[in-house]
Structures are given as C-alpha cells and as structure tokens.
Amino acid sequence: MTCLKNSETSNSTSQAIASAPEAAQTLTSTSQKQNILQKIKGGFLLTVGYLLSPLCWWNDLIINLPIAYGFGYVVSLWRSEWFFQAAIVGYWLSNLIGIVLMQMGATDILQKSTAKKRSLKQELWTGVMTSTAYTFVIVALVYFHIIDLSAILPINEQFSLAFLNPQS
C-alpha cells in the first residue's frame with residue numbers, strides 16, 4: 001500500500017513537473033496578452049491626448065474651441081456674464097486633459113512591466129506642470145515678439161467675442 005502511495009505521489013509529481021512548462025507558457029501567454037492590451041490602450045490614450053493637446057496644430061478649430069464653447073455655454077446657463085471666462089477655462093482644461101492623456105498613453109506604451117503601480121496624482125501634477133511650462137514658453141515668445149500675433153489678434157482694434165455668447 002505504501003509503495004502504491006509512493007508511486008502515485010511520484011506520478012503526480014512527475015505530472016506536475018511535466019505540466020510546469022505548460023503552466024509557464026500559459027502564464028507567459030497571458031502576460032503577453034496583457035502587455036499587448038496595455039500598449040493598445042496606451043496608443044488610444046496617446047492619440048486622444050494628442051488630438052486634445054496644444055501639440056496638434058489643427059485641433060483648435062475642430063476639437064478644442066467647440067469644447068471650450070460648450071463649457072462656456074453650460075457655465076453661462078448659471079451666470080451669463082461668465083461665458084467668456086468659462087470658455088477660456090474650458091480651452092485650458094481641454095489642453096491640460098490632452099497633455100495628461102498623452103503622458104498616460106506614453107507610460108502605457110513605454111512601461112516594461114504591468115506590475116509597477118502608477119500614481120494618478122503624480123501624472124496629474126506632471127500634466128499641470130507641463131501645460132503651465134508650455135503656456136509660459138508661448139507667452140514669452142509672444143512677449144519678446146518672436147511670435148507675432150498681430151495678424152491674428154489686431155492690437156490696435158477692439159477685439160470682441162461677444163457675438164459668440166448665445167444669451168446676448
């Protein structure tokens with residue numbers, strides 16, 4: 001009886017050893033699938049973030065300004081005199097969200113392991129700092145007349161977006 005148990009134990013042990021490469025292969029396959037899904041998700045976030053970010057040259061007219069207008073309109077339902085300020089905040093937020101999504105997507109694509117814990121607070125802080133630095137660079141370029149906005153925003157004329165306010 002003991003010999004039988006020992007042979008059964010050795011058979012189950014040899015079966016476990018024989019199935020170990022299969023289990024490792026299954027684990028590797030699952031890890032590869034998770035890695036591919038992480039990279040696809042990262043690519044999606046990077047694309048959406050790029051479309052919302054200030055790095056995309058054509059996105060303002062098609063994406064960011066309608067978002068800013070919608071944000072301003074929703075806020076103007078509460079207080080109509082806040083439309084223009086809310087539209088500026090909406091524009092800033094759409095750019096900020098774009099930068100944060102780009103950073104999250106790039107992290108998903110470039111990160112080696114899925115086991116590393118990510119900090120949303122740190123990613124948001126990095127996004128705020130990046131977009132603020134970008135804004136300061138653009139303001140400095142305009143201030144020192146490296147970028148000339150006179151063709152877009154005439155300095156000598158009164159510039160008004162009052163026609164955009166739907167409650168005027």
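**Figure 1. Helix α4 gives the largest share of the lining of the second largest pocket, three residues.** The model shown here and in the other views is predicted. The second largest pocket holds about 200 Å³ of space. Ten residues line this pocket, and T107, R118, S119, Q122 and E123 are the closest to its centre. Two or more lining residues come from each of the elements α3 (83-110) and α4 (120-143). By residue class, the lining of the second largest pocket has six polar and four charged residues and no nonpolar ones.

**Figure 2. Six residues form the largest nonpolar core.** The members of this core are L45, L52, L96, V100, L101 and M104. Helices α1 (2-52) and α3 supply at least two residues each. The largest share, four residues, comes from α3.

Figure 3. With neighbours within four places in sequence left aside, V100 is in contact with E123, L124 and G127. One of these residues, E123, is also among the residues closest to the centre of the second largest pocket.

**Figure 4. A salt bridge joins D108 and K41.** Side chains of opposite charge can pair when their charged atoms come close. In the pair of D108 and K41, the closest N and O atoms are 3.5 Å apart. The pair links distant parts of the chain, with D108 in helix α3 and K41 in helix α1, 67 residues apart. D108 counts as buried because its relative accessibility is 2%, and the cut-off for buried is under 20%. K41, in turn, has a relative accessibility of 45% and therefore counts as partly exposed.

**Figure 5. R79 and E81 meet through their side chains in a salt bridge.** The N to O distance in this pair is 2.7 Å. R79 has a relative accessible area of 36%, so this residue is partly exposed. E81 also counts as partly exposed, because its relative accessibility is 47%. The count of salt bridges in the model comes to two: one is formed by D108 with K41, and the other by R79 with E81.

Definitions and conventions
Residues are numbered from 1 along each chain as its sequence is written. This is a predicted model: local features need pLDDT of at least 70, side-chain atom pairs count only at pLDDT 80 or more; totals for chains, interfaces and linings use all residues. Side-chain values use heavy atoms; hydrogens and water are left out. On a 1 Å grid over the protein atoms alone, a cavity is a set of points where a 1.4 Å probe fits but cannot get out, and a pocket is an open set with protein on both sides within 12 Å along at least five of seven lines; lining residues have an atom within 4 Å of a point. Grid points are joined across faces, edges and corners, and a volume is the space filled by probe spheres set on the points. Ala, Val, Leu, Ile, Met, Phe, Trp, Tyr, Cys and Pro count as nonpolar, Asp, Glu, Lys and Arg as charged, and the others, Gly among them, as polar. A nonpolar core is a set of buried Ala, Val, Leu, Ile, Met, Phe, Trp, Tyr and Cys residues joined through side-chain atoms within 4.5 Å. Buried means under 20% relative accessible area, exposed over 50%, partly exposed in between (1.4 Å probe, protein chains only). Contact means heavy atoms within 4.5 Å. A salt bridge is a side-chain nitrogen of Lys or Arg within 4 Å of a carboxyl oxygen of Asp or Glu.
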